[in-house]
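Subject: Structure for you to look at

Hello,

I am passing on a structure, shown just below.

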Amino acid sequence: MVGRRQHWETVYHNKAADQVGWFQPHAASSLRLIEACAGTDASVIDAGGGASVLVDDLLDAGYRNLTVLDLAESALAVSRARLGARAEKVQWIAADITRADLPAARYDVWHDRAVFHFLTDPADRTRYVAQVLKSVKPGGHVIVAAFGPGGPLQCSGLDVMRYAPDALHAEFGALFRLLGHQTETHHTPAGKEQEFVYCYCVRV
Ligand SMILES: C[S@@+](CC[C@H](N)C(=O)[O-])C[C@H]1O[C@@H](n2cnc3c(N)ncnc32)[C@H](O)[C@@H]1O
């Protein structure tokens, strides 16, 4: 069986970043939700950010304390190349989010689009939530976007979980107070529609 890291490295080697199913020309909803909860001096981590342009959008909006973490070094390389000299303003971490050695109480905002739903093993989800609890400051915000109940059963050849808003929030538990949620239809470059649920919480 191909390991998790190798799977994702292969995906980013074989497909252009703007041809993967999750590509967005701009991460509009993510940017709006981050701007609604934190100013430009906030420390923001995009967990499983891949080659997403969210980091570009955040830099354009004036955010200057940004971290992008992803399992696939090749995805981070795509973003670094796209950003050019601006990449030096960003901290890049190539690691598994369930095992990375993250700093304690460091982040004001944790953002994840389309990563948590790949954690089909409950033990991985427990480790993920522990990482959020450790590294997000009390009072910080957590934004997680996962496939909704009408979303696909697989993505990138991997099984995924699908969540209604309450079920997604329940994975995180009482230490995360739900502020709201929204459902969005993502249009893939191949023309398919995918239902995403965004939940946003405060880490109490
Ligand atoms: C569907 S893509 C979403 C990328 C990005 N968040 C976006 O919205 O464009 C999932 C990303 O999660 C990364 N990933 C998958 N499992 C991971 C893990 N356990 N730790 C860190 N990153 C992971 C993959 O390499 C990939 O870049």
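Helix 1 provides three residues of the shell around the ligand, the largest share. Keep in mind that this is a predicted model.

The shell

In total, 19 residues surround the ligand. The closest of them are Y12, G48, D70, I97 and R113. Helix 1 covers residues 4-14, and both this helix and strand 2 (65-70) supply at least two residues of the shell. By residue type, the shell is made up of 11 nonpolar, four polar and four charged residues. As for its location, the ligand sits in the largest pocket.

Which residues come within reach of the nitrogen and oxygen atoms of the ligand?

- D70: an N or O atom of its side chain is 2.6 Å from an oxygen atom of the ligand.
- D96: here too the side chain takes part, with an N or O atom 3.0 Å from a nitrogen atom of the ligand.
- L71: a polar backbone atom of this residue lies 3.2 Å from a nitrogen atom of the ligand.

Aromatic rings

The count of aromatic pairs comes to 10. One to look at is W8 with F118: the ring centres are 5.0 Å apart and the planes stand at 80°, which is over the 60 degrees required, so this pair is edge-to-face. The pair also connects distant parts of the chain, as its two residues are 110 residues apart. W8 belongs to helix 1, while F118 is in the loop between strand 4 (107-113) and helix 5 (122-135).

Regards

Methods: Residues are numbered from 1 along each chain as its sequence is written. This is a predicted model: local features need pLDDT of at least 70, side-chain atom pairs count only at pLDDT 80 or more; totals for chains, interfaces and linings use all residues. Side-chain values use heavy atoms; hydrogens and water are left out. A residue is near a molecule or strand if one of its heavy atoms lies within 4 Å of it. A polar contact is a pair of N or O atoms within 3.5 Å; within protein, one must be able to donate a hydrogen and the other to accept it, and residues adjacent in sequence count only if both atoms are side-chain atoms. On a 1 Å grid over the protein atoms alone, a cavity is a set of points where a 1.4 Å probe fits but cannot get out, and a pocket is an open set with protein on both sides within 12 Å along at least five of seven lines; lining residues have an atom within 4 Å of a point. A molecule sits in a cavity or pocket if more than half of its atoms lie within 2 Å of its grid points. Helices (H or I, at least four residues) and strands (E, at least two) are DSSP runs, numbered from the N terminus. Ala, Val, Leu, Ile, Met, Phe, Trp, Tyr, Cys and Pro count as nonpolar, Asp, Glu, Lys and Arg as charged, and the others, Gly among them, as polar. Rings of Phe, Tyr and Trp (its six-membered ring) pair if their centres lie within 6.5 Å; planes under 30 degrees apart count as stacked, over 60 as edge-to-face and the rest as tilted.
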